[in-house]
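Q: Could we go through this model together? I would like to begin with the overall fold and then turn to the helices.

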Amino acid sequence: MAADIGDSPIDPNKIAYVYMQVADHIAARIASGELRPGARLPGERDLGAEYGVAYLTARRAVRELRERGLVVTLPAKGTFVAYPQTEADEPVAGDPE
């Protein structure tokens, strides 16, 4: 991906949080099919190096992706692109879980 800072899709001068830029770029990769459901994302340190940001910035980006429902993190396993939820997967109001 972005090995050189000049190749990075992150613009530090843009009026947006850097972690959001990273999260948005990864979300776009998921939406385009470049990252398929079940695909493992690199570790946070590797993501930070890939995007030219601090690993804590990459960690915050992954948290944002989890909050959006785009990825799932399994402790001691890694972070994976989530499978899209179908209508059958979504709980119906009033149904016990």
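Q: How many helices and strands are there in the protein?
A: There are three helices and two strands, where helices are DSSP runs of H or I with at least four residues and strands are runs of E with at least two, numbered from the N terminus. This is a predicted model, in which local features need pLDDT of at least 70, side-chain atom pairs count only at pLDDT 80 or more, and totals for chains, interfaces and linings use all residues. Residues are numbered from 1 along each chain as its sequence is written, and side-chain values use heavy atoms, with hydrogens and water left out.

Q: What pattern does the protein follow along the sequence?
A: The pattern is α-α-α-β-β.

Q: And how many of the residues count as buried?
A: Of the 97 residues, 29% are buried, meaning under 20% relative accessible area with a 1.4 Å probe and protein chains only.

Q: Moving to helix α1, what should its residues span?
A: Helix α1 covers residues 18–32, and its 15 residues should span 21 Å at 1.5 Å a residue; the expected span is 1.5 Å times one less than the number of residues. The end C-alpha atoms are 21 Å apart, which agrees.

Q: Which residues of α1 are buried?
A: They are Y19, Q21, V22, A23, I26, A27, R29 and I30. These buried residues pack against α2, α3, β1 (71–74) and β2 (78–81).

Q: What follows α1?
A: G33 follows α1, with a positive phi near 90°.

Q: How do the axes of α1 and α2 cross?
A: They come within 12 Å and cross at roughly 95°; axes are lines fitted to C-alpha atoms, for helices over the stretch in contact, and angles run from 0 to 180 degrees between N-to-C directions. The two helices are therefore roughly perpendicular to each other, a label for angles of 65 to 115 degrees.

Q: Which residues make that contact?
A: V22, H25, I26 and R29 of α1 meet L47, E50 and Y51 of α2, contact being heavy atoms within 4.5 Å.

Q: What about α2 and α3, where do their axes come?
A: The axes of α2 (residues 44–51) and α3 (residues 55–67) come within 8 Å and cross at roughly 105°. That makes α2 roughly perpendicular to α3.

Q: Which residues are involved there?
A: E44, R45, L47 and G48 of α2 make the contact with Y55, A58, R59 and V62 of α3.

Notes. Parallel < 35°, antiparallel > 145°, perpendicular 65-115°, else oblique. Buried < 20%, exposed > 50% of the residue type's maximum accessible area, 1.4 Å probe, protein only.
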